[in-house]
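I opened my notebook to look up charged side-chain pairs. My plan is to take them one at a time.

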Amino acid sequence: MNTSTQALQHTLLDQICEAWLKLQQHQPLVHIMTNAVASNYVANVVLAANASPAMIDNPFEAESFAKIAAAINLNLGTPTTEQVQAMHIAAETAHRLKKPWVLDPVGYGTVLHWRSNTVDQLLNSHPTILRGNASEIGALAGKRIESKGVDSTINSADVYLQAQSLLAHCDCVAISGESDYIISRDYPVIQVSGGSYLQPRVTATGCALGALIAAYSAVSSPAIAALAAHVHFAIAGQRAFERAPQLGRFNVAFLDEVHQLNTESIRQYANFQILPGAV
């Protein structure tokens, strides 16, 4: 690693710690529309991180609540007609008021046409951060990829270069997988490692990650928000697995570790690198 790369890594680590401290101080209100299966878990993760979730997902309240929220998270996990109407209102409001918002294009691809068309339309409101698994982001970037339902069937490393084209529609792209990739115009591509193989086996961890990114986006720049949230999750997953490697116990331990994170554990456990030659 050359001197400039080392310096950037130290700077990024400092910014992650600063973002976490601001999250604790401001406890931002996050307007969340998410997967019906995930709603309770997502709210608990956001609360554990010391932010304030509000699961407002009807079109009659979307605009008024988007106006007072610090950030917005829209997740296409189980969209209903009314929820999609509310998403359009919230996204347009966020864009108009320059509020950060995160789009999670769950299930985007060639099978679920209605939700995919909805995602295409939501992109017109320029999400601050686009977060998804490799299949979803790859499909959005125009690569033909077979997807198993809403689960990723490819490695995130296979699509991060193609995903740079999506910066025409957003400020940052976050790809989750065995390794995570943060893509923005402000920094080279950043790879985040860590976590546990059990995380994808707990329902709604990906949905919760999107909501946590939104919480961080209320207190930091898009790329740092995505990076901080992914590092937060990776450390929590790693530490939870160390003391609770059984799935049920891991689920509880993970929530505990999300809550117990601090700047000391960030500096000790954060595992990310700047990819050579990434632009």
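I count a salt bridge when a side-chain nitrogen of Lys or Arg is within 4 Å of a carboxyl oxygen of Asp or Glu. The model is predicted, so local features need pLDDT of at least 70 and side-chain atom pairs pLDDT 80 or more, while totals for chains, interfaces and linings use all residues. Residues are numbered from 1 along each chain as its sequence is written, and side-chain values use heavy atoms, without hydrogens and water.

I found eight salt bridges in the structure.

I started with Arg243 and Asp256. Their closest N and O atoms are 3.6 Å apart. Arg243 sits in helix H8 (residues 222-243) and Asp256 in helix H9 (residues 247-260), so this pair ties together parts 13 residues apart in sequence. Helices here are DSSP runs (H or I, at least four residues), numbered from the N terminus. I then saw that salt bridges with shared partners join Arg239, Arg243, Asp256 and Glu257 into one network.

Next I checked accessibility. I call a residue buried under 20% relative accessible area, exposed over 50%, and partly exposed in between (1.4 Å probe, protein chains only). Arg243 is partly exposed at 41%. Asp256 is partly exposed at 30%.

I moved on to Arg267 and Asp14, which form a salt bridge of 2.9 Å, N to O. Arg267 lies in helix H10 (residues 263-269) and Asp14 in helix H1 (residues 3-26), so the pair ties together parts 253 residues apart in sequence. Arg267 is partly exposed at 45%. Asp14 is partly exposed too, at 39%.

Methods
Helix = DSSP H or I, 4+ residues; strand = E, 2+ residues; numbered from the N terminus.
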